[in-house]
Amino acid sequence: MVVRTHILLNAKSSSLDLLQSKLLFEEFILKTINDLELVQVGAVFHGFDEGGFTCVVCLTESHLAIHTWPEFSYYTADVYLCDYTRNNYDLTILLSNKIKEYFSSYEIKEQIISR
C-alpha cells in the first residue's frame, strides 16, 4: 500500500529574525533537504519589502511551502512527500519537526493527512 503523508502547520515563532530572513531559511531548508536525501527539482524564495517571505520547493517526492508573517509572529508550512519509490512517512515527520525547531515554534496547530 502506498501512503502519502501531507502535513499542514500553522504556528507562532519566538524568533522574529527567522520569520524575516528569507536567506537564512533558504540555507537551512536546502541543507535539510539534502541531508534527508530528498531530491529538489526547483525552488522559489521571495522576500517581501515589508518583511516576511514565501517559498516553494518542488521535490521529486512532492513539495514544501512556507509563508511567514513576522508582524504576527506567525508562519504556515505545507509538507507533502509521496511514497512512490520508498516509504517517506518518517521523513515527512522529521522534515516537519525540523521546520518547527528551526522557527522555535509554539502554539502549533498541525494536521497530518494520509493520502
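Helix H3 has 14 residues, and its first and last C-alpha atoms lie 20 Å apart, close to the 20 Å expected at 1.5 Å a residue. The expected span is taken as 1.5 Å times one less than the number of residues in the helix. Helices (H or I, at least four residues) and strands (E, at least two) are DSSP runs, numbered from the N terminus. The model is predicted, so that local features need pLDDT of at least 70 and side-chain atom pairs count only at pLDDT 80 or more, while totals for chains, interfaces and linings use all residues. Residues are numbered from 1 along each chain as its sequence is written, and side-chain values use heavy atoms, with hydrogens and water left out.

The buried residues of H3 are Leu-91, Thr-92, Leu-95, Ser-96, Ile-99, Lys-100 and Tyr-102. Buried means under 20% relative accessible area, exposed over 50%, and partly exposed in between, with a 1.4 Å probe and protein chains only. The elements that cover these residues include S1, helix H1 (16-20), H2, S4, strand S5 (74-81) and strand S6 (105-114). Thr-92, located in helix H3, has a relative accessible area of 0% and is therefore buried. When residues up to four places away in sequence are not counted, Thr-92 touches Thr-5, Ile-7, Val-79 and Leu-81, where contact means heavy atoms within 4.5 Å. After H3 comes Ser-104, with a positive phi near 50°.

Helix H2 comprises residues 22-35; at 1.5 Å a residue its 14 residues should span 20 Å, and the distance of 20 Å between its end C-alpha atoms agrees with this. Its buried residues are Phe-25, Phe-28, Ile-29, Thr-32 and Ile-33. These cover an arc of only 125° around the axis and are therefore on the same side of H2; the arc is that of the directions from the helix axis to the C-beta atoms. The exposed residues Leu-23, Glu-27, Lys-31 and Asn-34 are carried on the face of H2 turned away from its buried side. Packing against the buried residues of H2 are strand S2 (40-47), strand S3 (53-59), strand S4 (62-69) and helix H3 (89-102).

The structure holds eight aromatic pairs. The ring centres of Phe-25 and Phe-28 are 5.7 Å apart and the planes stand at 50°, so this pair is tilted. Rings of Phe, Tyr and Trp (its six-membered ring) pair if their centres lie within 6.5 Å; planes under 30 degrees apart count as stacked, over 60 as edge-to-face and the rest as tilted. Both Phe-25 and Phe-28 belong to helix H2, where they are three residues apart, about one turn of the helix. Phe-25 counts as buried because its relative accessibility is 0%, and Phe-28 counts as buried at 18%. Phe-28 also forms a stacked aromatic pair with Tyr-102, at 4.2 Å centre to centre and with 20° between the planes. This pair links distant parts of the chain, as Phe-28 is in helix H2 and Tyr-102 in helix H3, 74 residues apart. Tyr-102 has a relative accessible area of 15% and is buried. One aromatic cluster is formed by Phe-25, Phe-28, Phe-53, Tyr-75, Tyr-102 and Phe-103.

Asn-10 is placed in strand S1 (residues 5-13) and is partly exposed, with a relative accessible area of 28%. Apart from neighbours within four places in sequence, Asn-10 is in contact with Tyr-74, Tyr-75, Thr-76, Glu-107, Ile-108 and Lys-109. The side chains of Asn-10 and Tyr-74 are joined by a polar contact of 2.8 Å. A polar contact is a pair of N or O atoms within 3.5 Å; within protein, one must be able to donate a hydrogen and the other to accept it, and residues adjacent in sequence count only if both atoms are side-chain atoms. Asn-10 and Thr-54 are 44 residues apart in sequence, with their C-alpha atoms 14 Å apart in space.

A disulfide is a pair of cysteine sulfur atoms within 2.5 Å, and by this rule the count is zero. For Cys-55, the closest cysteine sulfur is that of Cys-58, at 10 Å, which is too far for a bond. Cys-82 is in no disulfide either, as its nearest cysteine sulfur, that of Cys-58, is 12 Å away. Cys-55 counts as buried at 1% relative accessibility, whereas Cys-82 counts as partly exposed at 23%.
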